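User: I would like a close look at the aromatic side chains of this model.

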Amino acid sequence: MRVGPYHSAVTEAESGSEVCVTFCFSRAEFDAGMHRMFWVFWQCSGLVVVGVLACAAAVGFTLAGDPSTSLPTFALAALWLGFAAWIYFVSPGRQFRQRPRLKGEQTHCFADGGCTARFVDAETRLQWSVYGEIIETRNLYLLRMDRRGVNIIPKRAFADEDESRFRQLSERHTKVEFRLGAITA
């Protein structure tokens, strides 16, 4: 069996420039991260767009005096918007309750050689290239993976100097440009 750099066990700080943070999510932090990511993933925000367009079409059909078309169109709009509301409001809380890893302690380490994540039930090693982008909010860093995944890191988990080093590592290895005052909600 070939053992490469990402096949060995996750170790503690491997270099002086590594930044490690350990935290447990609060429900509010997890909800905030998931709500922000809802608008980033086109599949989720697309539900809202389709629902609003269907609603507008239904209003148009109603004003045109075509109730046989407007009623099914209103039903379709309600279905799309209801599904979007379920994903936005219900799904994060359900995930938080049903997945022990979200409530347990987790440690994320970042270095030039890659990133590690340690949860109550698993540990993993990732190349920086896995993260398509990093989104900064007022209280969180959202490390977006290429396919619908996200690692949410609360800013409160960083010591001041560690947050600065994390930002430098992120800028070196991902599509992110931290700008003062450009933080989203």
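Which residues form one aromatic cluster?

Analyst: Phe110, Trp128, Tyr131, Tyr141, Phe158 and Phe166 form one aromatic cluster. The model is predicted, so local features need pLDDT of at least 70 and side-chain atom pairs count only at pLDDT 80 or more, while totals for chains, interfaces and linings use all residues. Residues are numbered from 1 along each chain as its sequence is written, and side-chain values use heavy atoms, with hydrogens and water left out.

One cluster member, Tyr141, also has a charge over its ring: the charged end of Lys155 sits 5.2 Å from the ring centre (the criterion is NZ of Lys or CZ of Arg within 6 Å of the centre and within 35 degrees of the ring normal). Arg101 is placed likewise over the face of Phe119, 4.5 Å from the centre of that ring.

Across the whole structure there are 13 aromatic pairs (ring centres of Phe, Tyr or Trp, the last by its six-membered ring, within 6.5 Å; planes under 30 degrees apart are stacked, over 60 edge-to-face, the rest tilted). Among them, Phe38 and Trp39 pair edge-to-face, with 4.8 Å between centres and 85 degrees between planes. Phe38 counts as buried because its relative accessibility is 4%, whereas Trp39, at 46%, counts as partly exposed (buried is under 20%, exposed over 50%, partly exposed in between, with a 1.4 Å probe and protein chains only). Trp39 also pairs with Tyr88, in a tilted arrangement with 6.3 Å between centres and 55 degrees between planes. Because Trp39 lies in helix H1 and Tyr88 in helix H3, this pair ties together parts that are 49 residues apart in sequence (helices are DSSP runs of H or I, at least four residues, numbered from the N terminus).

Technical notes. Helix = DSSP H or I, 4+ residues; strand = E, 2+ residues; numbered from the N terminus.
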